Amino acid sequence: MAVHDLTEPATAAHAAPIAASPRTPPGRAIVVGASSGIGAAIARQLACEGWQVAALARRAGDLDRLAAECRDACASTGGRILPARHDVRDAEEIPELFERLVRDLGGLDLLVFAAAVMPDVAPAEYDTAKDLEMLSVNLGGCIGWCNAAAVLFRTQRSGTLLGISSIAGARGRKGNPVYGASKAAMDHYLEALRNRLSEAGVHVCTIRPGFVDTAMTRGKKVFWLISAEEAARRSLDAARRGVNVRYVPRRWGLVALVLVLIPSFVFRKLSF
Amino acid sequence: MARTAVRASPRRAAAEGPPVPRSWELVEGWGMAVGAPSRVLRPRSIEELVRCFEIARQDRVPLGPRGTGNSYGDASVNGAGHVLELSRMNRILGWSPETGIAEVEPGVTVEQLWKRILPDGWWPRVVSGTMFPTLGGALAANIHGKNNFKVGTIGDATLEFDLVLPSGEVRTCSRERDADLFHAAIGGFGLLGVFSRIVLATKRVHSGDLRVRGISTRNLREMMAAFEAGRGRADYLVGWIDCFPAGDASGRGLVHLGQHLEPGEDPHPEQTLSVEHQELPAKILGLFPKSEAWRILRLFNNDPGMRLINAAKYLAGRIEGMGEPHLQPHAAFAFLLDYVPNWKWAYGREPVRRGLIQYQPFVPSAAAHDVFQDLLARCRRAGHVPYLGVFKRHRPDPFWLTHAVDGWSFAMDFKVSPERREGLWRLCAEMTEVVLAAGGRFYFAKDLVITSRDARRFFPPEKLAAFERLKRELDPEGLLQTDLWRRAFAGA
């Protein structure tokens, strides 16, 4: 019994353009964690340059606002934002959503992982549930999305992965052990991906921002503060130049250098 | 007819269990000249495999079976639907060092098999020129090796298999049981069902080394004479051909004749039979990492460069031909294509746009020499000279859609680029006329150019009709499809 006829030629929905065919300039991107902060700024900047950008976040309202904002700003370049609601803790949803987005975009050139949470942690707080939640967003989400994109990029032998990590991964400070651990793990994971994928012509760029004017830094003692727009501009610039690891702004690289040189018995006496 | 029901009904199974691992990726033929982005499903069990059929049904798209994607053309590409990759069903289910019989899941690779059985003194009866194909894919393509003239194809070494049909039914087939399906599914390119279990006979060996002799030949006629002279005593015979020179030197090359050692000839078989003894060196001259060697080959990937490399290899062959036979590990002799990892990237790294195709006609003995010389001349005239030519001797086998003839095959690697593509396809069409007129055949694991009209001319009509009847019976919805199916079967 024939349930339905599959002997017909390729359906239009599946006659997807070949990744290697001359692509529509300038590019197609997925930005995970695009409702605020650096992620939102990256999505906005790409769209304004004419990119097709799938913008993902938990908060649908913020995404719609971003899309509406870009609609006018991008009118001349042809760029656009495709908003998609997604919680990065839902790893099982990723393969399906990734496939749908790449098909909607007509291919993929860049994946940006910018989702992260940094809840306040009290000095004597050791809350496993809270810590694992943080790990699930900052690291689990990164692995889920980068793995999905890595498979596509490896097989099409092109593409860029851009991960927004943090200076916080440089040393294990007292303040927020698991936030720092999640960023250190992300750095390690992205470095390994870079080494794996370089053979296939795929680039992986890790960004380690210092203080950026976002929800994360609000109400905290900060210095050298830059805007999210500035951080986004510098991050995209680093990715385009094929930089492996970039501190944003670059002077944080010196801070990181000093940080790693401080001996442990001194480091533990420091207040930050 | 033997029928075994799968445990859960397919409809129910679709809703049960964790999701089948999947990804969205560019699925290309090994030669990179064809490919399409697809959802790739990677079942880990028969239950998940049956669930993949259900997923394709629900999405109303066909499903294309694939192993590790080592066929040159579009045999495991499915641009119209999902791809069913069997590489995660890769357990060796049973192995008996007493009888040399192995029972494997379809995703077990040639590499896994030889590494498991060689230390016990066995070697696969039939292997491909690379160790990375899966045995499921190998059986679906009915692959042959350098010993085709002597032992036949991998189908000839297969005792039994289980085939999962699109209905979810699992059929056990052998020469005695469901013999029609046995002879149709081997070489059936996954279009009737998907292998879930394969039982293979292997060959007893008394050493991890082979005795190998190089015979330099100044033209095709000499090469064929060397094959015929060596056929009685050789276990393996393979010829390499420099396709560039014309005239009297047309078809010049190098024959390698391999022989198994007799018991007692190898004083330390336990040492040579070890996997370590077989491993190919990871560095060239101990210095340069092999993983980067393709970048050097790339510099030569043009007509003058390949003319030079082929000439250098021919000269090296003349020197080798003067020497004595030498010992070489099985893996080093068998898996020539694995010496330089990713060497195909020398052809370019823009999937679908750049790459290579292999064109491998199989021609009956009497006509072979003149046909192949004619083809070589046409290649040179058209300005598409193959960068690699490989020559083999074959024998017929009983499988319905077999490519094998009592004769010879000449595999030619052609560079594909956007500028060359159209002309190359025209040349292939012209060559196909010559081959078909001589009663020749083609082999779909290597092919990207044969049309369904061509295929209808070289398959025995009654065998093709029987195959198509089975296809309609076992897969009435047309669930199992590949680009190959749509190109070379369904189009007529």
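Predicted model: local features only at pLDDT ≥ 70, side-chain atom pairs only at ≥ 80, totals over all residues.
V83(B), in β4(B), is the bridge partner of G64(B). Now widen the selection to β3(B) and strand β4 (residues 82-85) of chain B. These two strands pair in the parallel sense, over 4 bridges.

Next, colour the whole sheet. It is open, has 4 strands and runs in the order β1-β2-β4-β3 (chain B). The pairing is mixed. Look at the edges: they are β1 and β3 (63-66) of chain B, and each pairs on one side only. Ignoring direction, neighbouring strands are turned by 40° against each other on average.

Is it buried or exposed? 7 of its 7 residues are buried, so the strand is largely enclosed by the rest of the structure.

β1(B) and β2(B) pair over 7 bridges, in the antiparallel sense. Then follow the hairpin between the two strands. It has 6 residues there, and M32(B) takes a positive phi near 70°.

Now show the helices around the sheet. Which helix lies across β1 and β2 of chain B? Helix α3 (residues 94-105) does, and it comes from chain A. α3 of chain A runs at about 45° to β1(B). Then select helix α2 (residues 46-59) of chain B. This helix packs on the sheet and touches β2, β3 and β4 of chain B. Its direction makes about 145° with that of β3(B).

Move along chain B to a pair of helices. Select α7 (residues 220-230) and α13 (residues 365-382) of chain B. Their axes come within 10 Å and cross at roughly 145°. The crossing of α7(B) and α13(B) is right-handed. Show side chains here. On the α7(B) side, pick L220(B), R221(B) and M224(B); they meet H369(B), F372(B) and Q373(B) in α13(B). The residues of this contact divide into 3 nonpolar, 2 polar and 1 charged.

Last stop: the largest nonpolar core, with 214 residues. Where are the most contacts inside this core? Go to V31(A), A43(A) and A55(A). The element that gives the most to the core is helix α4 (residues 128-156) of chain A, with 10 residues.

A43(A) is then in contact with V31(A), A34(A), V53(A), A55(A), L66(A) and I81(A). Two of those partners, V31(A) and A55(A), are also listed with A43(A) for the most contacts in the core.

Terms used
Residues numbered from 1 in each chain as written. Chains lettered and ligands numbered in written order. Axes fitted to C-alpha atoms, helices over the stretch in contact; angles between N-to-C directions. Left-handed = near helix turned anticlockwise from the far one by under 90°. Contact = placed C-beta atoms within 7 Å. Nonpolar A, V, L, I, M, F, W, Y, C, P; charged D, E, K, R; others polar. Buried ≥ 20, exposed ≤ 12 C-beta atoms within 10 Å, placed from the backbone. Pairing = 2+ DSSP bridges. Core = buried A, V, L, I, M, F, W, Y, C linked by C-beta atoms within 7 Å. Lists of a residue's contacts leave out its neighbours within four places in sequence.
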